[in-house]
Amino acid sequence: MTEEPESRIVASVAPRPRKRDVNGWVILDKPVGMTSTHAVAVVKRLFRARKAGHAGTLDPLASGVLPIALGEATKTVPYVMDGRKAYAFTVKWGEETNTDDGEGHVTASSPARPGDDEIVALLPRFTGSILQVPPKFSAIKIDGERAYDRARDGEDVELQPRVVTIDELRLVRTTEDHALFEAECGKGTYVRAIARDLGRDLGCYGHVAALRRTMVGPFGLEHAVTLQQLEEAAAAAADGLPDAALQPVASALRELPAIAVNRSDAARLARGQSVLLRGHDIPPAGETVAVFCTGRLVALADVEAGELHPRRIFNPGQGR
């Protein structure tokens with residue numbers, strides 16, 4: 001008796017969507033509960049982009065402006081990260097937590113509640129250049145390890161105070177247990193540390209109950225789109241989201257001086273060669289400038305001894 005041959009099931013595997021060169025910025029209004037890394041992965045998939053990164057981590061419990069760079073825009077990430085940042089945040093009085101937000105466990109508590117006048121009188125102490133101890137649950141590295149990894153392992157993390165700049169800290173309104181603030185600050189400032197230190201100095205303890213970032217460098221909420229808006233647009237697109245959904249690469253460089261060069265000088269810069277600056281409005285030595293040719297971003301260059309020395313080159317047709 002002969003055996004029937006075994007049936008074979010051949011699974012059909014759908015081809016992966018082809019990735020493409022996409023260049024520009026997506027200013028995402030990140031929702032609460034999503035990590036910045038996951039947000040970048042989702043945006044990269046929706047655009048079918050080859051390359052992506054973000055300009056400044058936003059905690060999962062925070063919402064708001066998360067600038068995501070695609071393609072050539074990744075070359076401009078440092079200039080966005082170094083920009084000013086603005087936040088709206090709510091402090092809950094009466095409890096300090098080990099994470100300085102609502103995710104951690106309570107480490108100190110108090111029945112005291114501050115009055116508006118007490119809060120306002122304290123704010124000047126938190127503006128200007130101040131010393132700030134970062135939260136133990138932060139991405140700062142200690143001997144190559146993230147502080148939050150050590151803290152999660154139960155280690156008593158000791159972080160050194162750092163100088164940060166807080167340009168503005170304003171009380172918006174209060175309730176019995178909460179206070180809403182708005183802040184504008186420089187790179188490296190932790191809003192959770194502001195809440196923690198306010199609570200300690202007021203003698204009532206406190207932690208961040210809600211946090212929304214409203215600005216990063218040149219990008220604000222007025223530039224932002226939601227994931228839902230992107231997903232709906234992607235569903236209607238045949239080959240990934242169109243470039244019209246992006247902010248131009250050069251939009252990240254609005255705070256840099258801009259210089260226009262002719263085609264010959266643009267070609268020299270593209271080959272890594274320096275070019276002589278002409279005209280009367282020459283930026284001072286040591287400046288970094290954005291260089292354009294016929295409206296297209298060509299390079300980032302340093303001004304040295306009356307010449308432009310290329311720092312980063314942008315591919316032709318991709319550096320809007």
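Hi everyone, let's start with helix α6: what covers its buried residues includes β1 (24–30) and α1. Keep in mind as we go that this is a predicted model.

So which residues of α6 are we talking about? In this helix, residues 227–235, the buried ones are L227, L230 and A234. They sit on the same side of α6, because the arc they cover around the axis is only 65 degrees. Now look at the face of α6 turned away from the buried side, and you'll find the exposed residues Q228 and A235.

I mentioned α1 as part of that cover, so let's visit it next. Helix α1 spans residues 36–47, and A41 lies in it. Is A41 buried or exposed, or something in between? Its relative accessibility is 43%, so A41 counts as partly exposed. If you'd like a sense of distance, go from A41 to D101: that is 60 residues in sequence, and 26 Å in space from C-alpha to C-alpha.

Our next stop is helix α5, residues 191–202, where you'll find R196. This arginine counts as buried because its relative accessibility is 6%, and the cut-off for buried is under 20%. What does the side chain of R196 make a polar contact with? The partner is the side chain of D197, at 2.9 Å. If we set aside neighbours within four places in sequence, R196 is also in contact with E96, D100, V133, P134, P135 and G206.

A quick word on cysteines. C185 is buried, with a relative accessible area of 1%, and C293 counts as buried too, at 4% relative accessibility. How many disulfides does the structure hold? The number is 0. For anyone new to the term, a disulfide is a covalent bond between the sulfur atoms of two cysteines.

Let's finish with a sheet. This one is open, with 5 strands in the order β14-β16-β17-β18-β15 and mixed pairing. At its edges stand β14 (258–260) and β15 (275–276); each has a single partner strand, so one side of each is left without a neighbour in the sheet. Within the sheet, β17 (residues 296–304) and β18 (residues 307–313) run antiparallel and are joined by 6 bridges. To see one of the pairings yourself, find A299 and look across to its bridge partner in β18, I313.

Key
Residues numbered from 1 in each chain as written. Predicted model: local features only at pLDDT ≥ 70, side-chain atom pairs only at ≥ 80, totals over all residues. Heavy atoms only, no water. Helix = DSSP H or I, 4+ residues; strand = E, 2+ residues; numbered from the N terminus. Buried < 20%, exposed > 50% of the residue type's maximum accessible area, 1.4 Å probe, protein only. Arc of directions from axis to C-beta. Contact = heavy atoms within 4.5 Å. Polar contact = N/O pair within 3.5 Å; in protein donor to acceptor, adjacent residues only side chain to side chain. Disulfide = S-S within 2.5 Å. Pairing = 2+ DSSP bridges.
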